[in-house]
Amino acid sequence: MNPISELIQYLVSSLSLGGLYALMALGLVIVYGILRLVNFAYGELVMVAGYGLLLFGESPLPFIIVAILSVIAAIIAGVAMERVAFRPVRNSNAMTMLITSFAVSTLLQSIALLAISPRPRAPNLPSIFVESLTLGSLQVKIVDLIGIVAGVLALVSLTVFLRRTVIGLALRAAADDFTMTRLLGVPANRVISAAFAISGMMAGIVAIFWIGRTGQTYPTVGLQPVLIAFIASVLGGMESLKGAVLGGYVLGFLTIGLQTWLPQGVNNYRDAVMFGIVILVLLIQPQGLIRPSYSREVR
Amino acid sequence: MSAVATRREAPRRSLVNTLSTPVILIVGLVIIALISQWRADVVFDRVVTVLFINLLLAVGLQIFMGNSGLGSFGQYAFVTIGAYSSIWFSLTPAQKRMALPDMPKTWWLYEQHQPFLIALLIAVAIGGLFGALIGVPLVRLRGASFTIATFALLIVVNRVALQWAELTRGARTVLGIPKYTDLNVALIGAAIVIVIAFAFKESTIGLKLRASREDEDAAASIGINAAWGRWVAWTLSAAISALGGALWAHFIQQFSPHNFYLRETFLIVAMLVIGGAGSVSGAAIGAVLVALGQEELRQVENWINVERTANSVVGNLIPFEVRGFADIVLAIAIILVLVWRPSGITQGREITINTFRRLLPGGRRIPQGEADPVLGKTS
Amino acid sequence: MPRRLRLLALSALLALGAAAPTMGGLAQDEGPILIGAPVNITGWMAAYDGPPMDGAKLAVKEINANGGVLGRQLEIIERDGKTDPATIGNAGREVIQEGAQVILAPCDFDYGAPAGQAAQEAGIVGISMCASSPLYGSATLGDLQFTLSMWNQTMSAAAAEYAFNVQGWKTAATIVDQGTEYGTSLGEYFVESFEHLGGTVVSEDTYQINDMQATAQAQRIKALDPQPDVVFVASQMPDYSALIRDLRSAGVEAPIMAGDSMDTDDFYKAVGTDLGNNLFISTHSFVGPEAGPEMEKFIKDFNAEYGRNPEVAFNVMGYDTVQVFAQGIEKAGTTDGAELAKALEGTEFHLLSGDLTWSDAASGHFPDKEAFIVEVKNGKPTFVQRLKPSWTPAVD
């Protein structure tokens with residue numbers, strides 16, 4: 001393979017993975033921005049959408065409808081999660097909310113283990129998930145291309161939503177300064193519900209592409225996306241949506257890049273290094289790569 | 001919150017009352033140990049041994065979380081370090097050949113062989129030292145950032161343990177570890193840790209730390225260095241976690257890094273939250289309730305399923321296999337406690353003689369110092 | 001019974017106080033022969049312990065219908081180990097207290113060993129239904145402990161022999177998961193076996209568990225010139241399907257070989273007819289009439305009992321374990337640990353999961369066992385052959 005097509009290959013893989021990681025990070029950050037809650041149970045929203053694919057996939061509906069229904073399932077789960085578990089502890093401190101999310105995550109996983117199956121289950125997925133295109137010496141997975149497009153589309157529509165709609169404006173304002181936003185008369189509950197709905201939607205889209213990689217869904221399917229979202233959002237800046245997107249793409253390029261160029265023995269320590277960097281970023285540059293656009297007293 | 005506390009009747013804290021807490025807690029543990037001895041049931045004995053080790057870990061975590069008000073998910077990083085470093089010293093070179101076959105025979109460590117007690121102390125020292133070093137930068141963080149950093153620390157240590165085969169055998173199980181930890185050893189460990197936790201809480205550093213937990217700026221204005229107190233609590237907590245790991249390693253006799261991860265972290269945090277992170281009593285009570293509650297649920301599940309197989313009246317009432325409810329109940333219990341009683345069952349108070357006096361008919365409640373609930377504190 | 005009343009008491013502290021000392025086991029020589037099963041019914045290990053338990057229960061039913069063993073009926077006592085080593089150890093001791101005379105241990109070394117330890121302590125025989133780690137044997141657990149599964153050496157050696165001798169593939173590339181003992185050892189043993197046979201391993205690559213993408217590894221293999229004759233992957237589910245996808249979509253067309261954990265229905269469904277070709281699995285058994293009339297009968301009986309076909313070869317493992325117990329106890333004339341273990345050592349068992357002979361305790365209870373080679377064609381597993389490797393790597 002010549003260097004040019006090698007580079008294109010690298011770009012395609014990284015863009016597709018980065019887009020996926022960016023969506024993961026966005027779903028986490030949109031909630032964090034408002035509630036200062038790192039939602040561990042975000043991964044279980046991915047799981048809900050995954051089992052949605054399994055359940056709805058049994059029906060004769062076309063896959064696009066199945067996918068939309070699964071995303072809707074994740075949105076409902078996200079909103080319900082906030083209503084049932086997080087709203088009652090919303091006024092507590094950061095630790096209480098973190099532990100609540102840890103408990104919600106464990107709860108949903110245990111229910112899936114019991115009620116569905118501890119084993120990976122394969123939903124019916126269309127064959128585009130396994131096909132690839134040959135372009136000269138290049139072989140590109142179709143799903144990677146769709147992933148790149150879907151990632152960009154999701155990011156663009158979210159931006160439009162946040163900039164052009166009332167609730168979107170309220171969300172952005174709340175992310176900047178929640179207390180002030182409430183004082184100005186924006187209903188807190190609706191804003192928070194909207195944030196969880198968007199988080200659920202991101203999780204749903206992530207689920208389709210993440211589960212599309214293995215063709216299987218299982219109770220702990222959401223763990224890795226949460227960990228990735230975690231690294232990406234700390235890298236990019238926990239308090240900035242732009243930062244989350246950037247963090248996602250940086251992490252995508254890094255992951256493939258390290259896999260490609262790092263000696264293998266070293267690569268085994270990749271996760272350790274990544275999370276080490278997370279600690280370093282928190283210590284040295286807590287705002288991440290992108291500082292939030294406002295100034296707030298650092299607590 | 002603190003304003004309300006100051007307006008209350010000034011606390012009368014008799015020395016006897018204060019000192020009664022660790023005594024009561026330890027007596028409670030001894031009673032559990034005696035019941036276990038009386039039952040002479042090997043399974044119950046094991047349940048109680050694990051309970052004591054988990055209690056030790058919960059109290060160790062309380063030292064940090066209760067006094068600093070910061071949440072840590074990183075405890076199992078130190079448990080991992082304690083477990084592995086204890087076996088480096090407790091195993092003979094011959095045992096190491098089987099347990100840690102990847103350790104080069106030329107290493108100084110390979111030749112080391114110490115009595116169990118010394119190995120424990122070394123593990124505590126290594127865990128404490130690691131905690132002290134990592135703690136220097138870490139205690140500068142606050143709130144969610146701190147918790148995220150501790151979570152990252154757990155993952156870093158886990159991944160390094162999975163790869164550093166010379167020291168840990170990598171992802172593979174280390175085995176053939178002699179069983180030095182029995183119920184009595186675990187009991188002694190738990191009792192010592194309760195005393196330490198209590199002493200720290202009542203020490204000057206502990207008092208100052210709790211003051212700064214309530215209002216760091218106000219505390220700073222009277223010269224309290226919160227970071228110093230947090231660092232001491234963190235280091236102490238790390239050393240105790242390492243002790244827990246070392247004890248557990250010599251109880252279970254074989255383990256891999258997979259045994260020190262999220263599920264285990266969740267269990268200890270759950271114990272602390274349910275009991276109430278604000279007090280040593282809370283950690284101890286939470287550990288006992290969660291451990292025995294889980295064991296009981298497992299027994300009830302088994303019983304129902306046996307009845308079902310036997311087609312008895314009770315069995316036929318339940319149309320499905322009853323499985324795995326313990327985990328679900330635990331998770332729901334945490335959520336309910338956090339929603340309705342965010343500072344746990346004990347509400348951040350210690351059990352003292354007064355607690356018992358109040359329970360007696362006609363007993364008079366002696367006003368007690370208001371313990372500030374960590375988790376109830378609103379930001 | 002006071003014990004049951006106690007169980008009803010939901011308050012943990014109440015239970016503490018009201019607890020009565022546990023009853024001793026039943027007499028050893030009368031009544032049913034109790035098979036203790038401290039297995040994981042909940043938690044992620046349930047995925048591995050569930051299927052063999054279905055098989056084990058079927059075997060017990062069949063044996064009892066034919067008059068039992070030594071004229072006594074068999075009975076399984078199951079206890080949930082909750083995918084937690086300490087709880088598995090407790091569950092093991094519990095079933096022994098209730099009179100278990102032999103133990104069915106969970107399907108993995110880390111989670112099976114606590115049950116094996118409990119059995120060894122009580123002086124009774126324990127057999128893990130499918131732990132394939134070479135650690136599972138008498139060297140580490142004691143002279144009464146066995147595993148019904150072949151060890152990973154055999155699994156890898158069988159794959160290597162099939163590749164080199166039967167197919168004539170001379171060069172291999174490997175991708176090995178570094179996050180689990182299973183992956184690491186499977187990979188190492190394959191390389192050792194393949195090179196022992198005279199093959200060349202042209203590239204050794206690693207994979208990180210849960211990455212769910214191996215684009216770079218696939219590209220590296222694609223860039224090899226000439227392409228390797230075979231690619232051996234050692235990981236677990238569901239990572240396997242991500243590895244296959246990335247290898248194929250990168251244009252690696254060489255046959256791919258893997259270990260037993262790939263052999264599940266949902267894997268076949270996940271790869272489908274597009275990717276489910278030119279894959280070879282070294283596994284425990286083959287669930288289909290091609291594997292012989294006994295297997296045909298097993299499938300029929302399993303279907304009659306559970307209303308579905310056996311999903312995976314693991315169903316067979318529990319069935320076989322109970323058969324081994326029945327034959328061993330019949331031969332020894334007792335369930336006594338030492339005598340039963342002697343009866344099991346050196347006897348050749350003809351099982352649905354292949355012929356099996358255990359070495360004696362001094363040489364580790366090495367299971368000298370046949371592997372089954374399965375080829376995936378059009379998304380369906382097909383039977384290729386049984387294979388007992390002529391050489392296996394030593395335990396390290």
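Guide: In chain C, the centres of domain 1 and domain 2 lie 32 Å apart, taken over C-alpha atoms. Keep in mind that this is a predicted model.

Visitor: Which residues belong to each domain of chain C?

Guide: A domain can be built from separate stretches of chain, as the assignment here shows. Domain 1 of chain C takes 2-150 + 294-365. Domain 2 of chain C takes 153-283 + 373-387.

Visitor: How many residues of domain 1 are in contact with domain 2 in chain C?

Guide: Count each side on its own. Domain 1 of chain C gives 8 residues, and domain 2 of chain C gives 10 residues. On the domain 1 side, 4 are nonpolar, 3 polar and 1 charged.

Visitor: What share of chain C is buried?

Guide: Buried residues are 61% of the 396. Look at contacts too. Take those in chain C between residues at least 6 apart in sequence: 66% of them join residues at least 24 apart.

Visitor: How many helices and strands does chain C have?

Guide: Chain C has 14 helices and 15 strands.

Visitor: What should I know about helices before I look?

Guide: An α-helix has 3.6 residues a turn, so residues three or four places apart point the same way.

Visitor: Is H13(C) mostly covered or mostly open?

Guide: Mostly covered: 15 of its 19 residues are buried. H13(C) runs over residues 314-332. From first C-alpha to last it reaches 27 Å, close to the 27 Å expected at 1.5 Å a residue. Just after H13(C) comes Gly333(C), with a positive phi of about 75°.

Visitor: Next, the contact between chains A and B. How many residues does each chain bring?

Guide: Chain A brings 36 residues, and chain B brings 36 residues. On the side of chain B that touches chain A, helices H8 (143-163), H14 (262-275) and H17 (325-340) each supply at least two residues. H8(B) gives the largest share, 13 residues.

Visitor: What kinds of residues make up that side of chain B?

Guide: There are 22 nonpolar, 8 polar and 6 charged residues on the side of chain B that touches chain A.

Technical notes
Residues numbered from 1 in each chain as written. Chains lettered and ligands numbered in written order. Predicted model: local features only at pLDDT ≥ 70, side-chain atom pairs only at ≥ 80, totals over all residues. Contact = placed C-beta atoms within 7 Å. Helix = DSSP H or I, 4+ residues; strand = E, 2+ residues; numbered from the N terminus. Nonpolar A, V, L, I, M, F, W, Y, C, P; charged D, E, K, R; others polar. Buried ≥ 20, exposed ≤ 12 C-beta atoms within 10 Å, placed from the backbone. Expected span 1.5 Å × (residues − 1). Domains from an automatic or database assignment.
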